[in-house]
Amino acid sequence: MLGSESEQVATLYDSPEGQLGPILFGGHLHWGYWDENNADDNFAAAADKLAQIMIDKTQIREGQRFIDLGCGVGQPAMKLAKAKGCSVDGITISKFQQQSATSRAQAEGKQDKLRFIHGSALDIPNEDQAYDGGWFFESIFHMGHRDALLEANRVLKPGATLVLTDLPTLPTTTEEFKAFVQQHIHSSFIAKEDYPALMAETGFELVGIDDITENVMPWLVPKLKETLAEHKQEITELFNDAADKAIDDWVYLFEYMSENLGYMVVTARKL
């Protein structure tokens, strides 16, 4: 049974607004990574690059089991399974995402390596110490950091590597912004400085934090505007007469987030 906050997140991602993300980001549901070497990349290509950065951070090996905590429509999980030869269980509270991910895996002929579960990453339907590795890929801020990490600790084997992306607050982050994202995208963000104590409290050793704010946030709005223009027809088909408002809402949200948040990749090890 999902709690009220989880139900709100599920409703968000099952809605047309939530279904737009994979269209814009090439099947991904996370942002992108840009630098001087890929400055011309569109959002989809940059999202794929960020997924590869995450894959390179994992220590998972062929034949091992991995859990994707908040798996979206399964694109990063499929990319990981292909790259590493591991099996991946993805869990999402969105029925649309679970069905879409399952269909994608079947279309790729990868259903033997990929399983997508409709459920909460705060109550994973699996035994203790079931997985050799895992990640939260732009998902932990929907769940509550402490509770999410405690449940991840439960299902990971001792010594397993956990990788996550998070959007840390800044000294300039406003209380108005925090209230806005809590209401509209059901998210709570924390500061980078909170992570050492948080990891220790939840049974993890903090291995490292890579702050890639400059590779994400300055690019976010201009790249979003480009991809919105590229996909205008699909947006119109999804939203009909509300398409222009949907575009304006996405741009506003991304502007607001890029002003108030950073971006980092966190690596930890279960004790």
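Biologist: Which residues does alanine 44 touch, not counting residues up to four places away in sequence?
Modeller: This is a predicted model. Alanine 44 lies in helix H3, and at 23% relative accessibility it counts as partly exposed. Not counting residues up to four places away in sequence, alanine 44 touches Leu24, Phe25, Gly26 and His28.

Biologist: Which residues of helix H2 are buried?
Modeller: Helix H2 covers residues 16-24. Buried means under 20% relative accessible area. The residues of H2 that count as buried are Gly18, Leu20, Gly21, Pro22 and Leu24.

Biologist: What is the phi of glycine 26, the glycine that follows H2?
Modeller: Glycine 26 is one of the residues that alanine 44 touches. The phi of glycine 26 is positive, near 65 degrees.

Biologist: Which backbone atom does the side chain of threonine 58 reach?
Modeller: Threonine 58 is found in the loop between helix H3 (43-57) and strand S1 (65-69). A residue under 20% relative accessible area is buried, and threonine 58, at 4%, counts as buried. At 2.7 Å, its side chain reaches the backbone oxygen of isoleucine 55.

Biologist: Leaving aside neighbours within four places in sequence, what is threonine 58 in contact with?
Modeller: Threonine 58 sits in a loop that ends at strand S1 (65-69). Its contacts beyond the sequence neighbours are Phe66, Leu80, Lys84, Trp135 and Val163.

Biologist: Is serine 120 buried or exposed?
Modeller: Serine 120 lies in the loop between strand S3 (114-118) and strand S4 (131-136). The side chain of serine 120 reaches the backbone nitrogen of leucine 122 at 3.0 Å. Its relative accessible area is 13%, and the cut-off is under 20%, so serine 120 is buried.

Biologist: What is the phi of glutamate 138?
Modeller: Most residues other than glycine have a negative phi. Glutamate 138 is not a glycine, yet its phi is positive. The residue is placed in the loop between S4 and helix H6 (145-155), and at 9% relative accessibility it counts as buried. The phi of glutamate 138 is about 55 degrees.

Biologist: Is asparagine 240 buried or exposed?
Modeller: Asparagine 240 is in the loop between helix H10 (232-239) and helix H11 (243-260). It is not a glycine, and its phi is positive, about 55 degrees. Its relative accessibility is 54%, and the cut-off is over 50%, so asparagine 240 counts as exposed.

Biologist: Which residues does leucine 149 touch, not counting those up to four places away in sequence?
Modeller: Leucine 149 is placed in helix H6. At 0% relative accessibility, leucine 149 counts as buried. The residues touched are Phe136, Ile140, Leu162, Leu164, Leu198, Met199, Thr202 and Phe204.

Biologist: How far apart are the C-alpha atoms of leucine 149 and valine 88?
Modeller: Leucine 149 and valine 88 are 61 residues apart along the chain. Their C-alpha atoms are separated by 18 Å.

Biologist: How far apart in space are glutamine 183 and valine 9?
Modeller: Glutamine 183 is in helix H7 (residues 175-184) and is exposed, with a relative accessible area of 56%. In sequence, glutamine 183 and valine 9 are 174 residues apart. In space, C-alpha to C-alpha, the two are 11 Å apart.

Biologist: What is the radius of gyration of the protein?
Modeller: The secondary structure comes to 11 helices and 7 strands. The globule rule gives 18 Å for 271 residues and the value here is close to that, so the protein is as compact as a globular protein of that length. The radius of gyration is 18 Å.

Biologist: Of the contacts between residues at least 6 apart in sequence, what percentage join residues at least 24 apart?
Modeller: Of the 271 residues of the protein, 54% count as buried. Among contacts between residues at least 6 apart in sequence, the share joining residues at least 24 apart is 75%.

Biologist: How far apart are the mean positions of the positive and negative charges?
Modeller: The C-alpha atoms fill a box of roughly 50 × 45 × 45 Å along the principal axes. The protein has 23 positive and 42 negative charges. Their mean positions are apart by 8 Å.

Methods. Residues are numbered from 1 along each chain as its sequence is written. This is a predicted model: local features need pLDDT of at least 70, side-chain atom pairs count only at pLDDT 80 or more; totals for chains, interfaces and linings use all residues. Side-chain values use heavy atoms; hydrogens and water are left out. Helices (H or I, at least four residues) and strands (E, at least two) are DSSP runs, numbered from the N terminus. The radius of gyration is taken over C-alpha atoms; the globule rule is 2.2 Å times the number of residues to the power 0.38. Buried means under 20% relative accessible area, exposed over 50%, partly exposed in between (1.4 Å probe, protein chains only). Contact means heavy atoms within 4.5 Å. Lys and Arg count as positive and Asp and Glu as negative; His and the chain ends are not counted. The place of a charge is taken as NZ of Lys, CZ of Arg, CG of Asp or CD of Glu. A polar contact is a pair of N or O atoms within 3.5 Å; within protein, one must be able to donate a hydrogen and the other to accept it, and residues adjacent in sequence count only if both atoms are side-chain atoms.
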